[in-house]
Amino acid sequence: MTDTKNHSPAGVTGSPEGRIFQPASFAELAEAVELAFDYRGDVTVSLKSGESLSGYLFNRQVKGSDSSLEVFPSDSSQVRHIRYDQIAAIAFTGEDTATGKSWETWIAKKDLERRAEVERVAADAQARGIL
Amino acid sequence: MAVPLSQMATVTKYVLTQKLNRVKRYPLVLMLEPLFRCNLACAGCGKIQYPDHVLDKRLTVEQCLAAAVECGAPIVSIPGGEPMIHPEMSTIVRGLVAQERYIYLCTNAILMERKLDEYQPSKFLTFSVHMDGLKDEHDLAVCRDGVYEVAVRAIKAALKRGHRVTTNTTLFDDANPERVRKFFDAMMDLGVEGMMISPGYSYQKAPDQQHFLKRERTRELFSRILGSPKKSWQFNQSPLFLDFLMGRREYECTPWGNPTYNVFGWQKPCYLLQEGYAKTFRELMDSTEWDHYGTGRNEKCADCMVHCGYEPSAVEDTFGTLSGFGRTVKLTMLPTSR
């Protein structure tokens, strides 16, 4: 099912990939978390304690001072819950997996580019034993 | 009749029970996504763009069976990702069959023929094969040559073993109605029980007038496809939903009708939008602000006419109004009277 909400055309600079947010207020932090929640890649959350956690931010509950988010760490299967007031910075460190994946971008590609991509996807699926 | 009587009776009994108990919001189909990993990478698919460690996550058998019980819907649709990649999919299906739920295992069919031995034919199990058109259209849609032929082989093999098989097709505004009609003929010639169709979902910021025009284009497309239906065509879905797609009935979205459970939890509010996750089905139902969703209420819903929101509305119409009930009976008995 096509879902353009999560896609942006290749080359469009709308993706926050590579950016780092160091919010100065709760409102800025909430905004950065929303951006991370919509992001289809890993983020790195730096905590005020000095700890740093890299993973996929998949949920958040905004309830004033009780606000928290949930991350699937990239190196563990245990969900981590983090309170907003523990967060010092959020960096968009992982690849934005949705960039350039729209139908329009696919159609606009040259035949050779498309073939190369098809072969890469097929080779990956084959290597995983799912083809 | 595309939907077997036993399945119709189960759904009817379920809906009437909800009505007798004055349940305002109830689920009809659980959308169970046991994984996001797929062996295709269809351009435009919004379900598979995640980092590798998320794509490698799987719901366990226990989580899947517990979700079905918690939700209570009589029908379970299993999309993904590609569910047949899940190493325990046949165990999940067996468990759901034991719960006497009607299962639609949605697959691109690449692994289907190879894995058929793992599945016992049952009135509760239907392979719902993703087919977006005839060979040229389908292979273009899934971004790989040869997939149409693989799927056709798998459908034939499953039918030969006595399985229930349907197709599911997503159509966009650029579809060619004549080619789609030929595609319907081809699928019915294969011997599938029925077909399921839906417009695709897309979300673009646009003025209201443009959204209105987009919905008009969708209605026009489906009118051209479904007008003068052939006797051989069978659709495994509510006839009133098809009326809705043709612009003959107006519905509001029923976002709680097809609740979605996946590796993140219970998805708010629906199968297509991801506004957050609830830990339990009850929390989903109680904490989602349902009034914020649907055409005219939310920009993201403006163009949506997708089955997961509007088919439950059609079913509600069947059991909630005399005209809906009468029209459903008429179109079920005489599908060519449309």
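**Helices, sheet and contact**

Modeller: Start with a pair of helices in chain B: Val61(B), Cys64(B), Leu65(B) and Ala68(B) of α3(B) meet Thr91(B), Ile92(B), Gly95(B) and Leu96(B) of α4(B). By class, the residues of this contact are six nonpolar, two polar and no charged. Keep in mind that this is a predicted model.

Biologist: How do I describe the way two helices pack?

Modeller: In general, you give the angle between the axes of the two packed helices and the distance between those axes. Here, helix α3 (residues 61-71) of chain B and helix α4 (residues 89-98) of chain B pack at about 30°, and their axes are 9 Å apart. Angles under 35 degrees count as roughly parallel, so α3(B) is roughly parallel to α4(B). As for handedness, α3(B) passes α4(B) in a right-handed crossing.

Biologist: Now the sheet. In what order do the strands of the open sheet in chain B come?

Modeller: First, the general idea: in a regular strand, side chains alternate between the two faces of the sheet. In chain B, nine strands form an open sheet with mixed pairing, in the order β6-β5-β4-β3-β2-β1-β7-β8-β9. At the edges sit β6 (194-199) and β9 (274-278) of chain B, each pairing on one side only. From one strand to the next, the twist averages 30°.

Biologist: Which way do β1 and β7 of chain B run, parallel or antiparallel?

Modeller: Strand β1 (residues 29-32) of chain B and strand β7 (residues 260-262) of chain B run parallel, joined by two bridges. For Met31(B), the bridge partner in β7(B) is Thr260(B). A helix packs on this sheet too: α7 (residues 147-160) of chain B touches β4 (125-130) and β5 (164-171) of chain B, and the direction of α7 makes about 165° with that of β4(B).

Biologist: What about strands in chain A?

Modeller: Strands β4 (residues 68-73) and β5 (residues 80-83) of chain A pair in the antiparallel sense over four bridges. A hairpin of six residues joins β4(A) to β5(A), and Glu70(A) has His81(A) as its bridge partner in β5(A).

Biologist: How many residues does each chain bring to the contact between A and B?

Modeller: Chain A gives 28 residues and chain B gives 27 residues. In chain A, β3 (52-61), α2 (103-108) and α3 (111-127) each supply at least two residues of the side touching chain B. That side of chain A has 13 nonpolar, nine polar and six charged residues.

Technical notes: Residues are numbered from 1 along each chain as its sequence is written. Chains are lettered from A and ligands numbered from 1 in the order in which they are written. This is a predicted model: local features need pLDDT of at least 70, side-chain atom pairs count only at pLDDT 80 or more; totals for chains, interfaces and linings use all residues. Two residues are in contact if their C-beta atoms, placed from the backbone, lie within 7 Å. Ala, Val, Leu, Ile, Met, Phe, Trp, Tyr, Cys and Pro count as nonpolar, Asp, Glu, Lys and Arg as charged, and the others, Gly among them, as polar. Two strands pair if DSSP finds at least two bridges between them. Axes are lines fitted to C-alpha atoms, for helices over the stretch in contact, and angles run from 0 to 180 degrees between N-to-C directions. Angles under 35 degrees count as roughly parallel, over 145 as roughly antiparallel, 65 to 115 as roughly perpendicular and the rest as oblique. A crossing is left-handed if the near helix is turned anticlockwise from the far one by less than a right angle, and right-handed if clockwise.
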